[in-house]
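Reader: I'd like to go through this model with you, one question at a time. Can we start with the overall picture and then get into the details?

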Amino acid sequence: MASLHHFCSAHFAFLLFTVSVLVSVHASADRTKTVEFNVKPGGVVHTFTEGIREYECSFTYASQGGTNEQWLMSVGLSDDDRLFSCSVWRPQGKSYLFFTQFKAELKGTKIEYANAYSQTAAAGLSDVPLKPEEFTVTDSTVTHTDGKFSAELSKLTAVGRTRHDEL
């Protein structure tokens with residue numbers, strides 16, 4: 001089962017990479033957006049939201065320790081309007097904040113792939129995914145699993161299929 005899970009994870013990671021490349025290479029400015037925001041510690045729940053057309057990604061979190069960190073959120077819509085992607089990450093690599101909770105929500109789509117990472121690829125380091133039991137994926141959300149989440153988060157990605165139908 002573990003090898004099947006690893007194969008599926010690798011396949012979906014490749015799918016996400018392909019979608020990201022296609023969106024960034026072939027999309028016009030109205031199909032992609034990357035914005036910077038501050039992740040603020042203090043234990044208070046904060047939400048940051050960005051969208052394209054009727055599709056939206058919201059990142060809700062609470063964290064402790066240190067000072068504000070600069071993070072990025074990228075959203076993208078495929079050329080055929082069938083896939084909407086959202087990535088939230090700390091570009092400097094591993095976050096030093098202690099996350100007490102997190103949730104990403106995609107509106108207007110059904111999530112087909114999602115993953116969360118304790119470390120992002122930066123300064124010669126690789127992405128380090130969270131253990132599958134540390135987070136839960138539903139049709140519209142990716143959220144921490146109470147009692148199993150290690151409190152380390154540096155990146156979260158989700159790709160959803162839109163409800164776009166051809167006439």
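**Walking through the fold**

Author: Of the chain's 167 residues, 44% count as buried, where buried means under 20% relative accessible area, exposed over 50% and partly exposed in between (1.4 Å probe, protein chains only). This is a predicted model, with local features needing pLDDT of at least 70, side-chain atom pairs counting only at pLDDT 80 or more, and totals for chains, interfaces and linings using all residues. Residues are numbered from 1 along each chain as its sequence is written, and side-chain values use heavy atoms, with hydrogens and water left out.

Reader: How many helices and strands are in the chain?

Author: Helices (H or I, at least four residues) and strands (E, at least two) are DSSP runs, numbered from the N terminus. From that end, the elements run α-β-β-β-β-β-β-β-β-β-β-β. The count is one helix and eleven strands.

Reader: How many residues does the largest nonpolar core have?

Author: A nonpolar core is a set of buried Ala, Val, Leu, Ile, Met, Phe, Trp, Tyr and Cys residues joined through side-chain atoms within 4.5 Å. Those with the most contacts inside the largest one are Phe-59, Met-73, Phe-84, Phe-99, Phe-102, Val-142 and Leu-153, and its size is 29 residues. Strands supplying at least two core residues each include S1 (32–39), S3 (55–64) and S11 (155–162).

Reader: Leaving aside neighbours within four places in sequence, what is Leu-153 in contact with?

Author: Contact means heavy atoms within 4.5 Å. With those neighbours set aside, the partners of Leu-153 are Phe-59, Trp-71, Ser-95, Phe-99, Phe-102, Ala-116, Tyr-117, Ser-118 and Leu-130.

Reader: Why is the disulfide of Cys-57 and Cys-86 left-handed?

Author: A disulfide here is a pair of cysteine sulfur atoms within 2.5 Å, and the sulfurs of Cys-57 and Cys-86 are 2.1 Å apart. The pair links distant parts of the chain, Cys-57 in S3 and Cys-86 in S5, 29 residues apart. It's left-handed because the torsion about the S-S bond is about -60°.
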